[in-house]
Amino acid sequence: MNWFWFALIALICWSGSDLFSKIGCCGEKDKTAHLKMVVAVGIVMGLHAAYMIVFHHVSVTWDVVWTYLPVSLLYILSMTLGYVGLRYIELSISSPICNSSGALVAVLCLCTGALSDYNGPQKAVILCAVGLVCLGVVGLGVVEAREDDDLRRRRQEHANRKYAKSWLAICLPVAYCLLDAAGTFADSLVLERLNEDSANVAYELTFLLAAVVCFVYVVLIKRDRLVPKMEAPKYVGAVCETAGQFAYIYAIADTEHLAMSAPIIASYCAASVLWSRIFLKEKLSWKHYAMIALIVAGIAIMGVFDL
(Lines give C-alpha, C1' and ligand atoms only; values in the text may rest on other atoms or scores of the structure.)
Protein backbone atom coordinates (compact mmCIF):
# COMPACT_ATOMS: atom_id res chain seq x y z
CA MET A 1 0.00 0.00 0.00
CA ASN A 2 1.51 3.37 -1.02
CA TRP A 3 1.41 6.86 0.51
CA PHE A 4 -1.80 7.86 -1.33
CA TRP A 5 -3.93 5.13 0.23
CA PHE A 6 -2.56 5.80 3.72
CA ALA A 7 -3.31 9.53 3.28
CA LEU A 8 -6.81 8.71 2.05
CA ILE A 9 -7.39 6.34 5.00
CA ALA A 10 -6.23 9.05 7.42
CA LEU A 11 -8.61 11.55 5.81
CA ILE A 12 -11.58 9.17 5.96
CA CYS A 13 -10.83 7.97 9.50
CA TRP A 14 -10.30 11.41 11.02
CA SER A 15 -13.37 12.87 9.31
CA GLY A 16 -15.24 9.75 10.47
CA SER A 17 -13.99 10.40 14.00
CA ASP A 18 -15.47 13.91 13.77
CA LEU A 19 -18.81 12.53 12.61
CA PHE A 20 -19.16 9.77 15.22
CA SER A 21 -17.83 11.96 18.02
CA LYS A 22 -20.51 14.50 17.09
CA ILE A 23 -23.20 11.80 17.13
CA GLY A 24 -21.94 10.52 20.50
CA CYS A 25 -21.67 13.92 22.20
CA CYS A 26 -24.65 15.91 20.95
CA GLY A 27 -27.33 14.46 23.26
CA GLU A 28 -29.18 17.31 24.98
CA LYS A 29 -29.95 15.30 28.13
CA ASP A 30 -26.51 13.69 28.57
CA LYS A 31 -24.49 16.28 30.50
CA THR A 32 -21.44 14.02 30.80
CA ALA A 33 -21.27 12.89 27.15
CA HIS A 34 -17.90 14.63 26.67
CA LEU A 35 -16.42 12.72 29.60
CA LYS A 36 -17.79 9.43 28.27
CA MET A 37 -16.12 10.27 24.96
CA VAL A 38 -12.82 10.70 26.83
CA VAL A 39 -13.39 7.26 28.37
CA ALA A 40 -13.94 5.71 24.92
CA VAL A 41 -10.87 7.33 23.36
CA GLY A 42 -8.73 6.50 26.39
CA ILE A 43 -9.69 2.82 26.31
CA VAL A 44 -8.97 2.47 22.58
CA MET A 45 -5.68 4.34 22.91
CA GLY A 46 -4.75 2.24 25.91
CA LEU A 47 -5.31 -0.93 23.87
CA HIS A 48 -3.19 0.47 21.05
CA ALA A 49 -0.44 1.39 23.51
CA ALA A 50 -0.46 -2.17 24.85
CA TYR A 51 -0.21 -3.50 21.29
CA MET A 52 2.80 -1.26 20.56
CA ILE A 53 4.56 -2.28 23.79
CA VAL A 54 3.94 -6.03 23.40
CA PHE A 55 4.31 -6.55 19.65
CA HIS A 56 6.58 -3.68 18.59
CA HIS A 57 8.63 -3.62 21.79
CA VAL A 58 8.29 0.14 22.25
CA SER A 59 10.08 1.18 25.43
CA VAL A 60 8.25 3.58 27.75
CA THR A 61 9.77 4.72 31.04
CA TRP A 62 8.44 7.01 33.76
CA ASP A 63 10.96 9.59 32.60
CA VAL A 64 9.40 9.59 29.12
CA VAL A 65 5.88 9.83 30.55
CA TRP A 66 6.79 12.78 32.82
CA THR A 67 8.73 14.56 30.09
CA TYR A 68 5.84 14.26 27.63
CA LEU A 69 3.13 14.91 30.24
CA PRO A 70 2.66 18.68 29.55
CA VAL A 71 2.15 17.94 25.85
CA SER A 72 -0.25 15.08 26.64
CA LEU A 73 -2.31 17.28 28.95
CA LEU A 74 -2.60 20.03 26.33
CA TYR A 75 -3.84 17.54 23.75
CA ILE A 76 -6.25 15.80 26.14
CA LEU A 77 -7.71 19.08 27.43
CA SER A 78 -8.13 20.41 23.89
CA MET A 79 -9.95 17.26 22.79
CA THR A 80 -12.21 17.34 25.86
CA LEU A 81 -13.19 20.95 25.14
CA GLY A 82 -13.78 19.97 21.53
CA TYR A 83 -16.18 17.24 22.68
CA VAL A 84 -18.03 19.74 24.89
CA GLY A 85 -18.31 22.13 21.96
CA LEU A 86 -19.99 19.51 19.77
CA ARG A 87 -23.14 19.92 21.87
CA TYR A 88 -23.50 23.60 21.00
CA ILE A 89 -22.59 24.04 17.35
CA GLU A 90 -22.80 22.35 13.97
CA LEU A 91 -19.93 20.01 13.10
CA SER A 92 -19.73 21.89 9.78
CA ILE A 93 -18.53 24.95 11.70
CA SER A 94 -16.68 23.31 14.59
CA SER A 95 -14.35 21.07 12.57
CA PRO A 96 -12.78 23.78 10.36
CA ILE A 97 -12.18 26.02 13.39
CA CYS A 98 -10.59 23.21 15.41
CA ASN A 99 -8.32 22.30 12.51
CA SER A 100 -7.10 25.88 12.21
CA SER A 101 -4.54 25.21 14.94
CA GLY A 102 -1.90 24.75 12.24
CA ALA A 103 -2.14 28.47 11.50
CA LEU A 104 -1.28 29.30 15.10
CA VAL A 105 1.61 26.82 15.05
CA ALA A 106 2.92 28.59 11.95
CA VAL A 107 2.76 31.93 13.79
CA LEU A 108 4.61 30.48 16.79
CA CYS A 109 7.25 28.99 14.50
CA LEU A 110 7.64 32.33 12.76
CA CYS A 111 8.03 34.19 16.05
CA THR A 112 10.65 31.75 17.35
CA GLY A 113 12.61 31.54 14.11
CA ALA A 114 11.63 27.92 13.49
CA LEU A 115 10.77 28.77 9.88
CA SER A 116 14.33 29.81 9.04
CA ASP A 117 14.64 26.82 6.69
CA TYR A 118 12.04 28.36 4.37
CA ASN A 119 13.02 31.04 1.86
CA GLY A 120 11.28 34.39 1.36
CA PRO A 121 8.62 33.29 -1.17
CA GLN A 122 7.77 30.21 0.90
CA LYS A 123 7.33 32.32 4.05
CA ALA A 124 5.08 34.66 2.09
CA VAL A 125 2.88 31.75 0.98
CA ILE A 126 2.73 30.42 4.57
CA LEU A 127 1.72 33.86 5.87
CA CYS A 128 -0.98 34.08 3.19
CA ALA A 129 -2.28 30.66 4.28
CA VAL A 130 -2.32 31.80 7.92
CA GLY A 131 -4.19 34.92 6.85
CA LEU A 132 -6.81 32.86 5.01
CA VAL A 133 -7.39 30.65 8.05
CA CYS A 134 -7.61 33.60 10.47
CA LEU A 135 -9.95 35.47 8.14
CA GLY A 136 -12.14 32.37 7.83
CA VAL A 137 -12.33 31.75 11.60
CA VAL A 138 -13.11 35.38 12.42
CA GLY A 139 -15.56 35.45 9.54
CA LEU A 140 -17.39 32.40 10.87
CA GLY A 141 -17.74 34.09 14.25
CA VAL A 142 -19.14 37.24 12.64
CA VAL A 143 -21.53 35.30 10.40
CA GLU A 144 -22.77 33.28 13.39
CA ALA A 145 -23.27 36.40 15.51
CA ARG A 146 -25.04 38.46 12.83
CA GLU A 147 -27.23 35.74 11.34
CA ASP A 148 -30.92 36.50 11.51
CA ASP A 149 -32.81 34.21 13.91
CA ASP A 150 -35.53 33.46 11.35
CA LEU A 151 -32.95 32.53 8.72
CA ARG A 152 -31.22 30.29 11.25
CA ARG A 153 -34.46 28.50 12.06
CA ARG A 154 -35.28 28.00 8.37
CA ARG A 155 -31.89 26.54 7.44
CA GLN A 156 -32.00 24.22 10.46
CA GLU A 157 -35.53 23.07 9.65
CA HIS A 158 -34.49 19.64 8.39
CA ALA A 159 -31.40 19.16 10.57
CA ASN A 160 -31.19 16.43 13.20
CA ARG A 161 -30.80 19.09 15.88
CA LYS A 162 -31.41 22.83 16.26
CA TYR A 163 -28.75 25.21 17.63
CA ALA A 164 -29.26 28.57 19.30
CA LYS A 165 -27.02 31.57 18.71
CA SER A 166 -24.25 31.51 21.33
CA TRP A 167 -20.73 32.89 21.72
CA LEU A 168 -19.91 29.78 23.78
CA ALA A 169 -20.51 27.74 20.63
CA ILE A 170 -17.66 29.57 18.86
CA CYS A 171 -15.42 29.96 21.92
CA LEU A 172 -15.12 26.22 22.62
CA PRO A 173 -13.73 25.27 19.17
CA VAL A 174 -11.44 28.31 19.36
CA ALA A 175 -10.22 27.14 22.79
CA TYR A 176 -9.55 23.72 21.26
CA CYS A 177 -7.61 25.41 18.47
CA LEU A 178 -5.45 27.40 20.92
CA LEU A 179 -4.65 24.42 23.15
CA ASP A 180 -4.00 22.08 20.23
CA ALA A 181 -1.64 24.63 18.69
CA ALA A 182 0.22 24.98 22.00
CA GLY A 183 0.43 21.18 22.24
CA THR A 184 1.70 20.82 18.68
CA PHE A 185 4.36 23.49 19.19
CA ALA A 186 5.45 21.98 22.51
CA ASP A 187 5.42 18.57 20.83
CA SER A 188 7.95 19.71 18.24
CA LEU A 189 10.29 20.85 21.01
CA VAL A 190 9.93 17.81 23.26
CA LEU A 191 10.38 15.31 20.41
CA GLU A 192 13.90 16.65 19.90
CA ARG A 193 14.75 14.68 23.06
CA LEU A 194 12.35 11.73 22.85
CA ASN A 195 11.72 8.83 20.50
CA GLU A 196 8.46 9.41 18.58
CA ASP A 197 7.03 5.94 19.24
CA SER A 198 7.81 6.16 22.96
CA ALA A 199 6.29 9.64 23.18
CA ASN A 200 3.12 8.51 21.36
CA VAL A 201 2.68 5.52 23.66
CA ALA A 202 3.26 7.77 26.68
CA TYR A 203 0.49 10.04 25.37
CA GLU A 204 -1.86 7.10 24.89
CA LEU A 205 -1.18 5.80 28.39
CA THR A 206 -1.84 9.28 29.82
CA PHE A 207 -5.12 9.36 27.90
CA LEU A 208 -5.95 5.97 29.40
CA LEU A 209 -5.39 7.43 32.89
CA ALA A 210 -7.67 10.35 32.00
CA ALA A 211 -10.28 7.78 30.90
CA VAL A 212 -10.04 6.00 34.26
CA VAL A 213 -10.49 9.30 36.12
CA CYS A 214 -13.52 10.22 33.97
CA PHE A 215 -15.02 6.74 34.42
CA VAL A 216 -14.71 7.01 38.20
CA TYR A 217 -16.37 10.43 38.16
CA VAL A 218 -19.18 9.58 35.74
CA VAL A 219 -20.06 6.04 36.84
CA LEU A 220 -19.02 5.79 40.50
CA ILE A 221 -19.53 9.36 41.71
CA LYS A 222 -22.30 10.77 39.46
CA ARG A 223 -23.97 7.32 39.19
CA ASP A 224 -24.56 7.85 35.47
CA ARG A 225 -25.25 4.74 33.40
CA LEU A 226 -23.32 3.74 30.28
CA VAL A 227 -25.97 2.67 27.78
CA PRO A 228 -24.39 0.52 25.01
CA LYS A 229 -26.62 2.00 22.30
CA MET A 230 -25.61 5.54 23.28
CA GLU A 231 -21.92 4.70 23.76
CA ALA A 232 -21.42 2.80 20.48
CA PRO A 233 -20.85 5.92 18.30
CA LYS A 234 -18.23 7.16 20.78
CA TYR A 235 -16.20 3.96 20.44
CA VAL A 236 -16.51 4.01 16.65
CA GLY A 237 -15.20 7.58 16.76
CA ALA A 238 -12.37 6.53 19.07
CA VAL A 239 -11.35 3.69 16.74
CA CYS A 240 -11.44 6.07 13.77
CA GLU A 241 -9.26 8.56 15.67
CA THR A 242 -6.62 5.93 16.49
CA ALA A 243 -6.73 4.34 13.01
CA GLY A 244 -6.34 7.77 11.44
CA GLN A 245 -3.26 8.45 13.53
CA PHE A 246 -1.80 5.08 12.51
CA ALA A 247 -2.38 5.76 8.79
CA TYR A 248 -1.06 9.32 9.14
CA ILE A 249 2.30 8.09 10.44
CA TYR A 250 2.78 5.80 7.43
CA ALA A 251 1.56 8.44 4.96
CA ILE A 252 4.06 11.09 6.05
CA ALA A 253 6.86 8.52 6.37
CA ASP A 254 7.11 8.63 2.56
CA THR A 255 8.97 11.96 2.52
CA GLU A 256 9.24 11.99 -1.28
CA HIS A 257 5.47 12.46 -1.55
CA LEU A 258 4.94 14.57 1.59
CA ALA A 259 4.00 17.64 -0.48
CA MET A 260 1.01 15.66 -1.80
CA SER A 261 0.00 13.55 1.21
CA ALA A 262 0.08 16.38 3.78
CA PRO A 263 -2.57 18.60 2.11
CA ILE A 264 -4.80 15.56 1.51
CA ILE A 265 -4.74 14.74 5.22
CA ALA A 266 -4.90 18.37 6.38
CA SER A 267 -8.11 18.91 4.41
CA TYR A 268 -10.05 16.20 6.24
CA CYS A 269 -12.25 18.85 7.84
CA ALA A 270 -13.73 19.39 4.36
CA ALA A 271 -14.83 15.74 4.44
CA SER A 272 -16.27 16.36 7.93
CA VAL A 273 -18.39 19.17 6.48
CA LEU A 274 -19.57 16.82 3.72
CA TRP A 275 -20.48 14.01 6.17
CA SER A 276 -22.36 16.47 8.40
CA ARG A 277 -24.37 17.64 5.40
CA ILE A 278 -25.21 14.07 4.31
CA PHE A 279 -25.71 12.26 7.63
CA LEU A 280 -26.56 15.02 10.13
CA LYS A 281 -28.63 17.07 7.65
CA GLU A 282 -26.73 20.22 8.60
CA LYS A 283 -27.29 23.07 6.18
CA LEU A 284 -25.34 26.33 6.41
CA SER A 285 -25.73 29.63 4.61
CA TRP A 286 -23.50 30.53 1.64
CA LYS A 287 -21.63 32.92 3.94
CA HIS A 288 -20.75 30.03 6.28
CA TYR A 289 -19.51 27.91 3.38
CA ALA A 290 -17.48 30.84 1.99
CA MET A 291 -15.65 31.24 5.32
CA ILE A 292 -15.14 27.46 5.60
CA ALA A 293 -13.66 27.44 2.08
CA LEU A 294 -11.10 30.04 3.18
CA ILE A 295 -10.14 27.91 6.20
CA VAL A 296 -9.84 24.69 4.18
CA ALA A 297 -7.74 26.45 1.53
CA GLY A 298 -5.39 27.82 4.18
CA ILE A 299 -5.07 24.44 5.89
CA ALA A 300 -4.37 22.72 2.56
CA ILE A 301 -1.62 25.23 1.72
CA MET A 302 0.01 24.75 5.12
CA GLY A 303 -0.27 21.01 4.61
CA VAL A 304 2.05 21.38 1.62
CA PHE A 305 4.67 22.78 4.00
CA ASP A 306 3.82 20.14 6.64
CA LEU A 307 2.86 22.67 9.36
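Is Lys234 buried or exposed, and what is its relative accessibility? In this predicted model, Lys234 counts as buried, because its relative accessibility is 1% and buried means under 20%.

Lys234 has a charged partner. Side chains of opposite charge can pair when their charged atoms come close. Here Lys234 forms a salt bridge with Glu231, and the closest N and O atoms are 3.6 Å apart. Both residues belong to helix α10, where they stand 3 residues apart, about one turn of the helix. Glu231 has a relative accessible area of 6%, so Glu231 is buried as well.

The count of salt bridges comes to 3. Lys36 is the place to start. Lys36 forms a salt bridge with Asp30, with 3.2 Å between the closest N and O atoms. Both Lys36 and Asp30 are buried; for Lys36 the relative accessible area is 5%.

Lys36 also forms a salt bridge with Asp224, and the closest N and O atoms of this pair are 3.2 Å apart. What does the pair of Lys36 and Asp224 tie together? Lys36 lies in helix α2, which covers residues 33–55, while Asp224 lies in the loop between α9 (196–221) and α10 (228–253), so the pair ties together parts that are 188 residues apart in sequence. Asp224 is partly exposed, with a relative accessible area of 26%, whereas Lys36 is buried.

Definitions and conventions
Residues numbered from 1 in each chain as written. Predicted model: local features only at pLDDT ≥ 70, side-chain atom pairs only at ≥ 80, totals over all residues. Heavy atoms only, no water. Salt bridge = Lys/Arg side-chain N within 4 Å of Asp/Glu carboxyl O. Buried < 20%, exposed > 50% of the residue type's maximum accessible area, 1.4 Å probe, protein only. Helix = DSSP H or I, 4+ residues; strand = E, 2+ residues; numbered from the N terminus.
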